[in-house]
Amino acid sequence: MGERGAQGPGAVEAFRWWGRMAWNPLDTYGALARRYGDAVRVPFGRNRAFFLLSRPEHAERILVANQDNYVKAFTYRPLRAVLGDGLLTSEGETWRQHRRVVQPVFAHRHMVGFAPQMVDTAAQAVGRWPDGVVLDAAGELRRLTLGIVGRALFGSQLEGEAERTGQALEALQRGAVVGTFMPGATAKRSVYQRVPRLGSALEYLDGMVQRVVGGSSGGELLRLLEESGRFNEAELRDEVLTLLLAGHETTAASLAWTFVLLSKYPAARDRLEDEVDEVLGGGEPKAEDVDRLPWTKAVLSEAMRLCPPAWTIERDALEDDVVDGVEVPAGSTVAVPPYLIHRNADVWPNPEGFQPERFMSGQKHHRYAYLPFGGGRRICVGAGFAMLEATLVLATIARTHRLDLVPGVAVSSRAEITFRPAGVVPMRVIRR
Ligand code: HEM
């Protein structure tokens with residue numbers, strides 16, 4: 001039964017698992033792990049295998065210790081068709097050159113400068129919410145985070161584009177999962193352009209990028225990209241689209257999950273409101289307040305443990321490797337899903353419980369037991385930006401308002417490229 005150290009179905013049974021995977025990858029990964037353990041091998045094709053590895057040691061080997069042996073998996077091909085040579089989907093020298101240009105914008109000294117825009121965008125959104133109204137928190141938060149990346153990175157006002165962008169992204173996410181499981185998954189944009197719904201989604205996003213690049217004020221990042229001289233027109237388009245999409249959807253999802261969890265755990269919410277009141281003393285938060293909001297940050301971290309927006313990270317092996325005792329032959333695909341690693345009961349006691357205390361100082365866990373932003377050289381370039389943004393947005397909202405999930409509403413999830421609440425999340429806005 002497969003390579004040493006991994007358990008899994010035989011070839012015939014694997015066929016059934018693949019069928020399930022195409023419909024609901026997250027639940028199927030969970031079911032595979034429950035059935036076969038934290039190192040699972042599933043055969044596919046004539047002589048290849050897929051490995052589902054959910055121990056921190058697996059993530060450390062694949063993403064860090066032996067990262068030269070791994071490239072982004074074939075499962076990223078539909079995403080690559082959309083994002084091309086942007087940072088998230090490029091490899092090798094192209095990736096290295098892009099990362100060298102983009103990374104400095106996310107240096108700490110720039111972050112401090114972004115903070116007022118983050119707070120201001122959140123305060124404006126909150127200011128538009130009438131007391132007592134029920135709104136779609138997921139949609140509001142997407143609008144807010146798109147507005148923030150637009151302003152901070154590109155000097156553009158994008159809030160008005162949020163609804164159409166959201167629809168385009170939903171179409172792409174669905175298309176991506178189906179595309180992955182089509183025979184001969186391809187990275188060719190033209191293939192996706194020919195599918196009517198995907199084609200119009202791509203057209204809309206391209207138009208948005210053009211409005212950003214062509215529009216006037218530019219912003220720090222656009223200036224650096226253009227001045228580097230390393231980007232031709234297509235690469236510039238790919239990078240701007242990558243940063244706009246990677247830079248808002250995930251943060252919106254993590255904030256939406258945070259408000260859902262806070263509605264279910266009122267004691268955690270009370271403590272958060274107390275902390276915000278005490279530290280901010282009635283004023284708006286600033287970058288330097290973030291370190292004085294440990295509970296607020298712990299709430300966000302714990303929400304990203306239970307509901308990591310980047311729920312799976314996948315690579316293809318170039319050469320044979322041994323991953324914590326599991327033999328992984330060249331050509332295999334490996335998944336190290338944060339969603340499962342964050343629930344591994346060997347490292348997380350009471351894994352299903354929402355306990356922000358785990359992230360208060362003094363608590364220790366394996367470095368790769370918690371990896372909402374990935375690891376190694378392909379670690380999220382926007383991790384610091386995302387944490388600063390999420391903390392400031394959460395504090396800005398909690399300072400004056402409470403978002404309460406409408407009683408009786410069950411929030412279900414969708415896991416495609418990102419893990420997010422499905423559809424609308426109806427929450428009542430209550431002025432505190
Ligand atoms: C809570 C919010 C976020 C989460 C959970 C998240 C998660 C991740 C993860 C797990 C990866 C690594 C993927 C892999 O190894 O295959 C990644 C990469 C990336 N993220 Fe994020 N991200 C978030 C916010 C952001 C923001 C705010 C930006 C930009 C403004 C951003 C831009 C990127 C880019 C460009 C990459 C590719 C980096 C590279 O390969 O060099 N992300 N993100």
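Where is C380 found? C380 sits in the loop between α16 (338-341) and α17 (383-400); helices (H or I, at least four residues) and strands (E, at least two) are DSSP runs numbered from the N terminus. The iron atom of the ligand has a single donor from the protein, C380 (SG), 2.3 Å away. Donors are N, O and S atoms within 2.8 Å of the metal (3.2 Å for Na, K and Ca), and water is not among the atoms, so sites may look incomplete.

This is a predicted model, in which local features need pLDDT of at least 70, side-chain atom pairs count only at pLDDT 80 or more, and totals for chains, interfaces and linings use all residues. Residues are numbered from 1 along each chain as its sequence is written, and side-chain values use heavy atoms, with hydrogens and water left out.

## Helix pair

The axes of α6 (residues 108-127) and α17 come within 9 Å and cross at roughly 35°. Axes are lines fitted to C-alpha atoms, for helices over the stretch in contact, with angles from 0 to 180 degrees between N-to-C directions. The contact (heavy atoms within 4.5 Å) includes F114 and M118 of α6 and F385 and L388 of α17.

## Second largest cavity

The lining of the second largest cavity includes F259, R269, E273 and H401. On a 1 Å grid over the protein atoms alone, a cavity is a set of points where a 1.4 Å probe fits but cannot get out; lining residues have an atom within 4 Å of a point. α13 (249-264), α14 (266-280) and β9 (401-405) each supply at least two lining residues.

How values were computed:
On a 1 Å grid over the protein atoms alone, a cavity is a set of points where a 1.4 Å probe fits but cannot get out, and a pocket is an open set with protein on both sides within 12 Å along at least five of seven lines; lining residues have an atom within 4 Å of a point.
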